[in-house]
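Have the viewer open and follow along.

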Amino acid sequence: MSGMVVDPQSKEGLSPRDVQRTGRGRALITGGWTLRVAGIVVGLGGTGWFRAGFRDGRLPAGLHQPWWWLGELGAVVAAVLGLWVLGVGRRLVVRGKQHTTPTIDSFDRVLETRYVLYLRPFYNDPILAEQPLDISGGSGLGDGVYFTSGLTHEEALTRRFRRFGRVVAVGRPNEPLPLPGASRGYLPDDDQWKSAVSRLIRHAHVVLLTAGDGPGTVWEFTEALRILPPERLVLLVYGTPDDYDSFRRALGEYYASRSSEEPGAPDSGRWPALPALPDFPPPARPRRPWWEVVVNGGRSRLRWDFVLKGVVVFDPDWRASFVRFDPTAVRLPSVLTLNRLVRRRLRPTMDRLAALPPRG
């Protein structure tokens, strides 16, 4: 297998390092946070004033007084303006992070460290680059909207797994700026990337692989099957059950083709059997009692789901288990109860990953 060093001339134009401006990024982050705070203050002030107009006996007398209508209209304008300023601030912070996020000059240096390799289909990047529009549990209305997380979905993912090492990824060739989250390095968009990614998989402490039916993703899974101890692989499941089934079908077809044409594991030359990936688990409680619907503010909120639906993990014999983050398992969904659900469901996996010995 060839080394990872790539001719610098062949990397020209792949990395966005030359267009990153650290000073501009810091200014954008500072300005974005300033706007976020201002948006929260103005928005909460507006919603508070609007509610106050309906208290203290102001109705129905207030309905016949122009100042009451003007006050309520001003409160609505302040709330909407606050939301707009908050949204602008959130986007500016993300843009600033794109300018300040360090990129990887050489993956050869990464191989000498303990790292977590994050692999995904590039078409998934826009989804993971978004910030949540509501707090966990779907409380998108009311004051809770002002306290949504400012982290992108990828940042939240990398923060969860960074205890096992620096989270690194291969950046999309010719992307304008790196996305916040994993540290990105860049490889040519040709067959050279496979030998480079193979070495990264072989030496990673943990590999996070997003399920997808693209040819690059199914190659990465089969390569992990060929050279990686199974307990070091974590399959990330986003999207719908149909998306997951599409990945399973594409993987089965590609594995049948590749395993018949290429040698398998380096030590034996044989391919491990393709693991039987479990079905996408259905909701634990698809129907809710009426009192839960009332207490939780309607059925639409109870249909809320995580962006990351769950993970598939493997034992040393490649037996797979689907760890589903199922919000229907929580009777009163909130930020605290749903975060506790994810931590509880992930704890056995995180404990096993923490007990893994360092790679040789």
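Where is F54 found? F54 sits in the loop between α1 (22-52) and α2 (66-100); helices here are DSSP runs of H or I with at least four residues, strands are runs of E with at least two, and both are numbered from the N terminus. With 43% relative accessibility, F54 counts as partly exposed, where buried means under 20% relative accessible area, exposed means over 50%, and partly exposed is in between (1.4 Å probe, protein chains only).

F54 also belongs to a nonpolar surface patch with F50, V76 and V80, and together the four have about 340 Å² of accessible area. Accessible areas come from the Shrake-Rupley method with a 1.4 Å probe, and for residues only the protein chains shown count as cover. Patches are made of residues with over 30% relative accessible area and no salt bridge, with like charges joined within 9 Å and nonpolar side chains (Val, Leu, Ile, Met, Phe, Trp, Tyr) within 5 Å.

## Ground rules and overview

This is a predicted model, in which local features need pLDDT of at least 70 and side-chain atom pairs count only at pLDDT 80 or more, while totals for chains, interfaces and linings use all residues. Residues are numbered from 1 along each chain as its sequence is written, and side-chain values use heavy atoms, leaving out hydrogens and water.

The protein has 11 helices and seven strands, and buried residues make up 48% of its 360 residues. Among contacts (heavy atoms within 4.5 Å) between residues at least 6 apart in sequence, 76% join residues at least 24 apart.

## The enclosed strand β4

Is strand β4 largely enclosed or exposed? Five of the five residues of β4 (residues 206-210) are buried, so the strand is largely enclosed by the rest of the structure. V206, L208 and T210 point one way from β4, while V207 and L209 point the other way.

Strand β4 has parallel pairings with strand β1 (residues 115-119) over four bridges and with strand β5 (residues 233-238) over four bridges; two strands pair if DSSP finds at least two bridges between them. L119 stands opposite L209 in β4, and V207 stands opposite L233 in β5.

## Nonpolar cores and a hairpin

In soluble globular proteins, nonpolar side chains tend to be buried together. A nonpolar core here is a set of buried Ala, Val, Leu, Ile, Met, Phe, Trp, Tyr and Cys residues joined through side-chain atoms within 4.5 Å. The largest one has 41 residues, of which L117, I201, F221, L233 and L277 touch the most other members. Helix α7 (residues 215-227) gives the most to this core, with six residues. Apart from it lies another core of 28 residues, including V116, V311, L338 and L353.

Setting aside residues up to four places away in sequence, L233 touches V207, L209, F221, A224, L228, V312, V313, F314 and W318. Strand β6 (residues 308-314) pairs with strand β7 (residues 320-324) in the antiparallel sense over five bridges, and V313 stands opposite S321 in β7. Five residues lie between the strands of this hairpin, where W318 takes a positive phi near 65°.

## Charged pairs

Side chains of opposite charge can pair when their charged atoms come close. The structure holds 13 salt bridges, each being a side-chain nitrogen of Lys or Arg within 4 Å of a carboxyl oxygen of Asp or Glu. One of them joins D108 and R199 (3.6 Å, N to O). D108 lies in helix α3 (residues 107-110) and R199 in helix α6, so the pair ties together parts that are 91 residues apart in sequence.

E175, in the loop between β2 (166-170) and β3 (183-185), is buried with a relative accessible area of 3%. The E175 side chain meets that of R184 in a salt bridge (3.8 Å, N to O), and both residues are buried. A network of salt bridges links E175 and R184 with R120, D125 and E154. For a contrasting setting, D317 and R319 form a salt bridge with their closest N and O atoms 3.5 Å apart, and both are exposed.
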